[in-house]
Amino acid sequence: MKKWIVLSLMLALLLIGTACSSETDATSGDDDVLKVWSFTDELKEPIKTFEEKNGVKVELTIVPIADYPTKLKPVLESGVGAPDVFTGEIAFLKQWTDRDYWENLSAEPYNAESLSGDYVDYVFDLGKDSEGNVKALSWQTTPGGIFYRRSIAEEVLGTDDPNEIGEMMSSWDGVFEAGEKLKQAGYSLFPDEGAIRWFAKGEDPQPWVNENNELIMTDAKLDYFDHAKKLRDNEYTAFAPEWSPSWISGMDGPVGVNEEEAGESAEKTEVFAYALPTWGLHSVLKLNAENTVGDWAVTNGPSPYFWGGTWLGIYSGSEKKDLAWDFVQMMTHDEEFLTDWAKETGDVLSYLPVTEKIKGDFSEPFLDGQNNYEFFLEQAESIEPGIVTEYDQQIDTLLGGQVIEYVDGKKSKEEAIEEFYKQVQNAYPEIKLPQ
Amino acid sequence: MKKLDHKGYFFIAPFFAIFLVFNIYPVLLTFYYTFTNYEGYGTPEFIGLANYARILTDSYFYEAFFNTWIIWGLNFALQLGIALLLAALFSDLRFKIKGLGFFRAIFYLPNLITISSVAILFGIMLDWQHGSVNMFLQKIGLISEPINWLNQPVTAQVSVALILTWLWFGYTFIVLMAGIAGIPGEFYEAALIDGANRWQTFVHITLPLLKPIMLYVMITSLIGGLQLFDLPMLITDGLGTPEGSLNTMVLYLYNQAFRYNNYGYAATLAYALFLVTVIFSAITFKSMYRKSVKE
């Protein structure tokens, strides 16, 4: 009996101990450090500027994106060791806007609502919760396009002008026609069938799940199966799945075949175009292309789309909301800072007062002098706001998986769609399936 | 009655306190979650036995169950086979192979590589069009068309089992060698004098006396194998593709919890996995023990 008393006493002591220490952690108000959490290092430079401007110290914690939501969630739920400012990626943005994690920026003293006209519509809209309160802002916009090789376009399609190529690519018939011509000349239109998923999404923009928790399957999404199958069956692609080694090496010439093997392999092909967004230029293409620098251009596909994006907000439990707001302000609507930032990184901003001034000045050597900035801003204007749900990332992945199984010939279209519904139901039992 | 000194409890209390907080408490909390639809946010809602009812009719769970078994079974058979063969060779008195220490290190080496590196390495090697495995096999004329290893259920499962074998046979080899070293040399000398050949020595002396060690290897491998997660997770980006063939029990659990936010159901899966592991460990133990008693 007695030992239990001793034991429980010890336990009580220990619990008191942890409770005390967690209290000191939670406040984080005992020093002048602004804590920022993000999933990339892109905030590093802005933070330096902010520190110099305000004479404060900012501590940036970078968590790789795969672990980011998992690591952040317990911290936000418990408030222990929570950051003052944290970013959200489009993949989990919508899971967070409707919780109380981010401070309501529509309220006093932020009044972010009044900024609505200054941003690209869809970007501003995405930072709102379901009641229309602004929870997070973003400095960038991430519309996508088709990056293609100028030399191949010139050779096969007769022109390398982005406007003319965009004209050809603006309909599915045009896409397949170009695919056929490219194939005849020994090229591949796209690296893989997944490249067209964004256009399938942008064609008839509707949310995956509506307010009644019903899954919405559009004809455009069903057509995605057929279009992907057509690409494969007609051999318009290079069998290089996104992010695979061959996908990467295709950016820099004939798909990743060793020089000595080149003669033997009949499968060797050169990829004509990649569907990538704004950041795809700086973080993907530029990093992986050496021989093809200056041989690229960007144009539109059958429909406008966007891919990715980072939003920024203040933790609702933060004790340094003023300083945190200063930082958010600098990142999202400080004209001087944003102008420098855009010129330095080429990041396409969503803050219109700045983009209006600078968009004419861009000329990208990688794209043979094309002004990609203006192009992307134009695309951003035509993106439908309000169609992103918290389920998108996962449901898109499930759909993509079934499309590939259909394309590979492992399933019929009906079987693949049925399996897709089954998987959605398994992942989200609360969603009602169509019919 | 003698008065006992209770001071000792103070010394062991830290362990129990930590054990309670970090082991027992989460285990009990997880058990509580199995009765809720907890999403990882806010307060869990009590839903009774719904999660248990769901698991019984969940085809994805059964699929994950069989996938895990197939991959583990193939991997274990190969791993034990290779390790036994090597152990027999290296312990053979008549072969007198030199450099045991060297080979032991070489065999064990794969086990020291981080699993993420292993996944990336094999991901590149097994690439359909440009992977070195296909290029090699084509060059020596074993296959004419490249095989899309990670895109067909059977080859994907076999690939993962082979990678696991490569990772673990060295460990098994070392444990078996230790077991063989524990068998008294007199038995082998006696067998030699009786004119037993290598095969007879192996089957009638080495194998029976190695049984306890093999039991140990099997149970630890089983417990580890049923928790197979990292390799399929990294190779398939957590999707368990192709056609769900690399969807293992723990990967399924992980996805339910962290991908789809069904924490309540994931907790139920965790308990199901626990039950499966206990049952099969018990069966293994029982069957091995009974056999050795008969002999």
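In chain B, helix α3 (residues 59-91) packs against helix α9 (residues 198-226) at an angle of about 145 degrees, and their axes are 11 Å apart. Here axes are lines fitted to C-alpha atoms, for helices over the stretch in contact, and angles run from 0 to 180 degrees between N-to-C directions. Helices (H or I, at least four residues) and strands (E, at least two) are DSSP runs, numbered from the N terminus. The model is predicted: local features need pLDDT of at least 70 and side-chain atom pairs count only at pLDDT 80 or more, while totals for chains, interfaces and linings use all residues. Residues are numbered from 1 along each chain as its sequence is written, and chains are lettered from A and ligands numbered from 1 in the order in which they are written.

The crossing of α3(B) past α9(B) is right-handed; a crossing is left-handed if the near helix is turned anticlockwise from the far one by less than a right angle, and right-handed if clockwise. From α3(B), the contact draws on T68(B), W72(B), N75(B), F76(B) and A88(B), and from α9(B) on F202(B), T206(B), S221(B), G225(B) and L226(B). Residues are in contact if their C-beta atoms, placed from the backbone, lie within 7 Å. Sorted by class, the contact of α3(B) with α9(B) has five nonpolar, five polar and no charged residues. In this sorting, Ala, Val, Leu, Ile, Met, Phe, Trp, Tyr, Cys and Pro count as nonpolar, Asp, Glu, Lys and Arg as charged, and the others, Gly among them, as polar.

Of the 27 residues of α1(B), the number buried is one, so α1(B) lies largely in the open. A residue is buried if 20 or more other C-beta atoms lie within 10 Å of its own, exposed if 12 or fewer, and partly exposed in between.

Some loops also deserve a look. Most residues other than glycine have a negative phi, and most peptide bonds are trans. In chain B, the bond joining T241(B) and P242(B) is cis, with omega about -10 degrees, and P242(B) sits in the loop between α10 (230-235) and α11 (249-259). The loop between α10 and α11 of chain B also holds E243(B), a non-glycine residue with a positive phi of about 50 degrees. E243(B) is partly exposed, with 18 other C-beta atoms within 10 Å.

F239(A), which is not a glycine, has a positive phi of about 55 degrees and counts as buried, with 22 C-beta neighbours inside 10 Å.

Back in chain B, Q256(B) belongs to helix α11 and is buried, with 24 other C-beta atoms within 10 Å. Not counting residues up to four places away in sequence, Q256(B) touches N262(B), Y265(B), A266(B) and L269(B).

Methods. Contact = placed C-beta atoms within 7 Å.
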